Amino acid sequence: MEDLHLFLAHAIALEGDSARRYEELSAAMETQGNPEVVRFFERMAHYSRLHLQDAIERGGFHRPPRLRPEEYRWPDGCSPEAAGREGVDGFLDVARALALALDGERRSHAFYANIAAMTTNPRVRTLAGEFASEEADHVAQLEAELARLPVDK
């Protein structure tokens, strides 16, 4: 991906999808009565909204750009954060909720890292690298949350 604005349009869509996913996961954990995980997902949604705002500001957009579906260049045909969304419901347990979030963050990291590795545009490379680093931090946070869960015997 060589065009900075096209990259940022993708980042805006991806981060919006991420915030919505975390809000859905938070709501699902409320039905499970798990306030600690609810707060964790709310915090992750907040981070996604901050990244969304950052992408909007970096592009100098007054309103986020909207691409037609065929203009997006997602690796699997849809946003990395939108894939697997059908698994979110009120019967989701904590481990599965964290695993769904981790899967999305890993796909997002791979998306940004691939762009950083493949682009010849130095501005896109820099931004994609920064976004990949942020996603790597999210992956680490989710892995830590999963590691805290009790091990089934």
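**Exercise 1: The buried side of α4**

Task: Find which residues of α4 are buried, and what covers them.

Solution. Step 1: V124, L127, A128, F131, A132, E135, H138, V139, L142 and E145 of α4 are buried. Here, buried means under 20% relative accessible area, exposed means over 50%, and partly exposed is in between, with a 1.4 Å probe and protein chains only. Helices (H or I, at least four residues) and strands (E, at least two) are DSSP runs, numbered from the N terminus.

Step 1: The cover over these buried residues includes α1, α2 and α3. Contact, here and below, means heavy atoms within 4.5 Å.

Step 2: For the length, the expected span of a helix is 1.5 Å times one less than its number of residues. The 27 residues of α4 should therefore span 39 Å, and its end C-alpha atoms are 39 Å apart, which agrees.

Step 3: Now pick out D137, which is also placed in helix α4. D137 counts as partly exposed because its relative accessibility is 45%. Its C-alpha atom is separated by 9.4 Å from that of H109, 28 residues apart along the chain.

A note on the model: it is predicted, so local features need pLDDT of at least 70 and side-chain atom pairs count only at pLDDT 80 or more, while totals for chains, interfaces and linings use all residues. Residues are numbered from 1 along each chain as its sequence is written, and side-chain values use heavy atoms, with hydrogens and water left out.

**Exercise 2: α2 and its two partners**

Solution. Axes are lines fitted to C-alpha atoms, for helices over the stretch in contact, and angles run from 0 to 180 degrees between N-to-C directions. The cut-offs are under 35 degrees for roughly parallel, over 145 for roughly antiparallel, 65 to 115 for roughly perpendicular, and oblique for the rest.

Step 1: On the α2 side, the contact is made by E36, F40, F41, M44, Y47, H51, D54, A55 and R58. On the α4 side, the residues include L127, F131, E135, H138 and L142. Ala, Val, Leu, Ile, Met, Phe, Trp, Tyr, Cys and Pro count as nonpolar, Asp, Glu, Lys and Arg as charged, and the others, Gly among them, as polar.

Step 2: V37, F40 and F41 of α2 meet V94, A97, L98 and A101 of α3.

Step 3: Zoom in on A97 in helix α3. A97 counts as buried because its relative accessibility is 0%. Apart from residues up to four places away in sequence, A97 touches L25, M29, F41 and L92.

**Exercise 3: α1 against α3**

Task: Describe how α1 and α3 pack.

Solution. Step 1: Their axes are 10 Å apart, at an angle of about 175°. That makes α1 roughly antiparallel to α3.

Step 1: The residues that meet include F7, L14 and M29 in α1 and A97, F111 and I115 in α3. The contact divides into 13 nonpolar, 3 polar and 4 charged residues.

**Exercise 4: The nonpolar cores**

Task: Which residues touch the most other members of the largest nonpolar core?

Solution. Step 1: A nonpolar core is a set of buried Ala, Val, Leu, Ile, Met, Phe, Trp, Tyr and Cys residues joined through side-chain atoms within 4.5 Å. The largest has 24 residues, and F7, L8, F111, Y112 and I115 touch the most other members.

Step 1: The elements giving two or more residues to this core are α1 (4–31), α2, α3 and α4 (122–148). α1 gives the most, with 8 residues.

Step 2: Leaving aside neighbours within four places in sequence, F7 is in contact with M1, Y112, I115, V124, L127 and A128.

Step 3: A second, separate core of 19 residues includes M29, A45, A101 and L102.
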